[in-house]
Amino acid sequence: MDKPFAITLDPGSSLANRTGSWRTFRPEYVDRLPPCNAACPAGENIQGWLFRAESGDYEKAWRALVENNPLPAIMGRVCYHPCEGGCNRQQVDSAVGINSVERFLGDEANKRGWKFDTPAAATGRRVLVVGSGPAGLSAAYQLTRMGHKAVIHEAGPLAGGMMRFGIPKYRLPREVLDAEIKRLLDFGVEIHLQTKVSNVLDAMMDGFDAVFLGVGAHIAKRAYIPAGDANKILDAVAVLRGMEGESAPMLGRKVVVYGGGNTAIDVARTAKRLGAEEAIIVYRRTRDKMPAHDFEVEEALQEGISIKWLSTIKEAGESDIMVEKMALDDKGFPQPTGEFERIEADSVVLALGQDADLSLLENVPGLVVDKGLIQVDAAMMTGHPGVFAGGDMAGNDRTVTVAVGHGKKAARAIDAWLRGEKYAPPPKPEIATVERMNPWYYSDAPKTVRPVLDIIRRQSTFEEVLGGLDETNALFEARRCMSCGNCFECDNCYGVCPDNAVIKRGPGKRFQFNFDYCKGCGICAAECPCGAIRMVPEEN
Amino acid sequence: MSFQPVKFYQTGTFTVGNRLLPPEERSVQASTKRFNSINSGHRACQGCGEALGARYAIDAAMEATDGQIIAANATGCLEVFSTPYPETSWQIPWIHSLFGNAAAVATGIAAALKVKGKKDVRVVAQGGDGGTTDIGFGCLSGMFERNDDVLYICYDNGGYMNTGVQRSSATPAAARTSTTPAVGSDPGNVFGQGKFLPAIALAHDIPYVATATVADLRDLEAKVTRAMEIRGARYIHILVPCPLGWGTAAHDTIRMARLAKETGIFPVFEAEHGEIKSVLAIRHPLPVEEYLKPQKRYAHLFGKNPAVETIARIQALADKNIRKYRLQARKEGH
Amino acid sequence: MLKQMEGSRAVAEAVALCRPEVICAYPISPQTHIVEALGEMVKEGSLAPCEFINVESEFAAMSVAIGASAAGARSYTATASQGLLFMAEAVFNASGLGLPIVMTVANRAIGAPINIWNDHSDALSQRDSGWLQLFAETNQEALDLHIQAFRLAEELSLPIMVCMDGFILTHAYERVDMPTQAQVDAYLPRYEPRQVLDPSDPVSIGAMVGPEAFMEVRYLAHAKQMEALQLIPAYAAEFKAVFGRDSGGLTHTYRTEDAETIIVAMGSVLGTIKDTIDEMRQPENGGHKIGVLGITCFRPFPIAAVAAALKHAKRFVVLEKSMAVGLGGILAVNVRMAVTGMGLKGYTVVAGLGGRAITKKSLHALFRQGEQDGLEPVTFLDLDWNVVNKQLEREKAHRRTGPVAEALLRDVGVVGARNY
Amino acid sequence: MFQVRIHGRGGQGVVTAAEMLSVAAFDEGRHAQAFPSFGSERTGAPVVAFCRISDREIRLREPIMEPDAIIIQDPTLLHQVDVFAGLKKDGYILINTSKTFDQLGLGDFIRDWRQERLCTVPAMELALKHVGRPVPNVPLLGGFAAVAGIIQLESVIKAIEERFSGKVAAGNVAAAREAYAIVKAEMEEARRKETEHA
């Protein structure tokens, strides 16, 4: 067309004008550390596996999950999910039910028979793992992935450690535990049961290049309570371990549990299920000071367990105990009041904590033990080169999740050590705090409530109390993830750029900036829901 | 709601797109095949809300008509930054005639298309608030009352930004502009003046009137799409923050639009034949200060001696909008 | 076909024969009868396909025409006086964008004081708008000029005003030869726009052009008008071939062969001037050597044709229905430009403003005075000096003399008692 | 060239009358130019229209200041407007009235005029009778065909039929014919009187 000069122009000719030269700040895509990941003692990439679960690809999600934790079905039941405590979604509505999705994925794996990915080529190195609790299993798994041979020596008759002998069935059905252990065995982890290591250095001589100790803390702490002959005083470890034996422990009609930790709750709830008419927890402080998790306390109360707050047991008689009332001082410590009360009790179970059996470490040079805990460095190595430790024996934060984290960390350190290197964890990116995000974009979607077993059956059977999510709910829950700090391809940057300077690269490939036209306004960064873009000054 | 909320729990319908949505539920802007009706290389300020709003709207119109759009543009920022000789950013047939005649030019185009039997080709007129509510008001009203087959889109940034931020009849009360400076006993724009053109459009009983902001892309696209399903005079009034004129950070453009809507300052609704059919409810109610404070044009209301009464008057205006248009926050469904 | 009809109707029928596709109308006297007639034709379906749009202002009328023309439709509107001024911004815009709109201007005075009667102030106020301006002497010519205008406009991609005296022509019933549709179709090809808004070949029309190219754009507009100086006579010749009538062209001379004095004028007053000249040329009246040059095309101004027509005369008298306040004439300035250096005596006569009748009687006196070089450089025909002087004295004497127009009316007497 | 000036009031069809007169002349193969007084006067206001009839092209565009004939559609104008301005003494006058010139108070004024050129016709009554509306313009044209002899009655009737249709056309034709007859009779009477005087 013979167009009029200057007044009429050909379409889109402004591409000749490179407005990128206007820019003084440039946007940059980043991956920030989601607070859930940061909070996970096992170091799971939660956002990462949720991201895969969101698209309904549960197997991929599970595979991403088990890179850091081989026990998702267990974890999805027994983990106290500090991730959810860190979840940014709490500031929108409520935390994402990470734990329930994890359980869904773990169960799905068991149901579908998913196996771990083939390990790396064999290195020919052998590592002895002492103890088949979560720390040991985690270490053995990670070592196996890296191509090392991991051999577990377990003193007990069954693998699982405290997961089997400390956590009641109604919280962790044994077939779940067995299934995840079996997957590890199939993966190439070797477990020798009823193989107690009494001297670790001797055991190492048996062709091992390193050792990881994860013996746990199985020795119950005692408290002195004057007691008549007839009164039954038991410890919680024994009671819970007894549950795995041929016959259940005899606790009587009225059971008193002494202590305020999760174990105390577990015992009381177990007692109730064993037929006790009354299960009473006696605790010296108040509910808000109680170490047990609140939701467990709540569940226990629902099941009819009563708790005597601010009380200590002074003596145990034949069929009752004497309890002294306590009062909190201004520092929050309980002080005796001199006020007493008698409570009927057929048995008293002490749940006052556990110590580790460190006898196998006698004569190991360089090793340091402090307050019953073996001391390790940042790479989980003890004072003795080549001897690593983790789990309950190495810390006071005694959860399955912490143990799994210890095992993984130790495995990575052992791998480095075997290569004559020192393990250095990769630098952690900055945390994707909610201030770095634009949470307005997330629609209101309250957390899904997991099904809970009805109260009657909870008082009489060891069926699992907390149910799992079905697929729809699990998907819903996964999709509540805000993907903090990590691009989830919401197209916002692509859409909100006034200069069309964002290139959409296609599914899974995220985006890139077209710096020919980007003027550096920063709308993309401001409107990125998950905080995966930052503005940096242009260099001169 | 003017659009079917997407059943997607992560970000609902608020983000531009999402990898998990089926393609047909994604926004036009999410598509790699979107038209980019206004292309890169335009000379709009950093963070220009109007450039963004225009691309949102025209791309949606292009999508709705399979690319059969002709646009008439009033003089103003949009025109100046998009078509300085020898470059144009427009990828669609586009004409700029004058400041005050975009609606009439569009009427002419529509008449030409009708007489030539080109039923598929649709006409959009667009202008800023000055070109729409002031100088172009006569032509616009004429286009409305004749029910000409034109969609008129007003990009409202509350002033004559092209000429250096002067007051228009869409400038909000108390706002500072070059012609309503923040001096004297009553600084900024006068209360009780100005007009809300969407309401005047409603009074014409035209088939379709809607408001939108650049902060609710899905809503905006749904409205443009709906408008293109209808024949006759249609009007969409889009709030497009102006970093220059409002004195806001370039990156805050969408945020400001969002705050305008969430505070009730700017009611977002949709009407057919003079009757309001739906409103975009406030999601997270906020006091007007949240909207006013980031803007330098309201800076005189804050500082050492905040103009409490003035802020209260603005809050009252927002509250009135909330009552009048029933914008109260309500529970979001899944 | 010969018909006795009103000028407005004749123009409307001629426009209809040109198959306009979009017509926009806003009422203003004295053009209303034209668009009323067209509106009826569209409404009853005899003019189809055509969109007739009742707009809300002249500004909108021109704007609608701009849009329609840019979208490839043959577009037409009509206006006058205040209406033309009200659309002025769009008038300039239409030519700037190179859109071949044809507009009838039913010439009328411009207020204040408001006045609905004929003069050329309106069209001449737009002389630099970039439009071509053609002035009709008779209704026949008005009709013919419209047909030529569409062809010219579309060939040049420039808009054209066809100017006809308000009331004097628009409302006059007289004989016209109305061409047939076949004739018009043979003369006027389909509109092939130079630029068009079309989704299949998008362009941006109406870019902002800065100092680097604006002069060139303006020059090109000038060059187009210069081109029109060639096209207009050519199209008029072709018109004659098809329709058998001498209509249009740049200028028309009447009895100028041996004229020593040539009157220069535009529009319908040429008829009265011709009658006067015929009478003056009668031997019994002294056989005055006087003739008249009619300017048909005011823009582009036919400098060469005017110079050629005047070169053998001794003097020229420009009789114009317009006025450059503070200078004198508008047409006269243009004519003087054409005869620069030719050593002619030239006089400007402002006449007929606001519908003041231009009578043969006055012309006889005026022309005789002109022949004897007895005219002031700028003369106001039939000016009531009595009234003017009274007011001037009043203003000298008092500060608060009130509005001039009203004061003059009091002096002149009651409007209703006006002589016809 | 024959020049006619028609006086009346807004709404009485003054301009239409001038136009129809031009059409009648055109139908006879002559040139004619009809035009109004270009005012914006409203219903009831005094209105003037003009018509020139000639065998040659009419170029003159000035208002008719020296008419050959005057048609007065509304006799109440006689005392308000100088309707006779410029009319020569041998000119024609046709007034819509059922009164005589004397009764209208014009006796002295027309004393030395050619009496057979001065006619009245009750056009309003004829219009009401035949058309049913008080529009005197068409009957007056019928009367004018008689009085001036410039145009034929048949041409007027043709012009009526071009302008109107159906009942209105028929009524107007009848009114025009009757007016023509009335005026013809008046003129005969006047001529007879003049002959008597002579």
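**Close-ups of a four-chain predicted model**

Chain B and chain D do not touch, and their nearest C-alpha atoms are 27 Å apart. Touching here means contact: two residues whose C-beta atoms, placed from the backbone, lie within 7 Å. This is a predicted model, where local features need pLDDT of at least 70, side-chain atom pairs count only at pLDDT 80 or more, and totals for chains, interfaces and linings use all residues. Residues are numbered from 1 along each chain as its sequence is written, while chains are lettered from A and ligands numbered from 1 in the order in which they are written.

**View 1. Where chain A meets chain B.** Here 46 residues of chain A are in contact with 46 residues of chain B. On the chain A side, the elements giving two or more residues are helices H16 (471-479), H17 (492-496) and H18 (523-527). Helices (H or I, at least four residues) and strands (E, at least two) are DSSP runs, numbered from the N terminus. That side of chain A has 24 nonpolar, twelve polar and ten charged residues. Ala, Val, Leu, Ile, Met, Phe, Trp, Tyr, Cys and Pro count as nonpolar, Asp, Glu, Lys and Arg as charged, and the others, Gly among them, as polar.

**View 2. A:Asn473 in its helix.** A:Asn473 belongs to helix H16 of chain A. The C-alpha atom of A:Val449, 24 residues away along the chain, is 9.0 Å from that of A:Asn473.

**View 3. Chain C against chain A.** In this view, 17 residues of chain C are in contact with eleven residues of chain A. H9(C) gives the largest share of the chain C side, three residues. Strand E1 (residues 8-9) of chain A pairs with E9(C) in the antiparallel sense over two bridges; pairing takes at least two bridges found by DSSP. A:Thr8 stands opposite C:Ile205 in E9(C).

**View 4. The open sheet of chain C.** Seven strands line up in the order E3-E2-E4-E5-E7-E6-E13, with mixed pairing. Strands E3 (51-54) and E13 (297-299) stand at the edges with a single partner strand each, so one side of each is left without a neighbour in the sheet. Strands E4 (residues 75-79) and E5 (residues 102-107) of chain C run parallel, joined by four bridges, and C:Thr77 stands opposite C:Met103 in E5(C).
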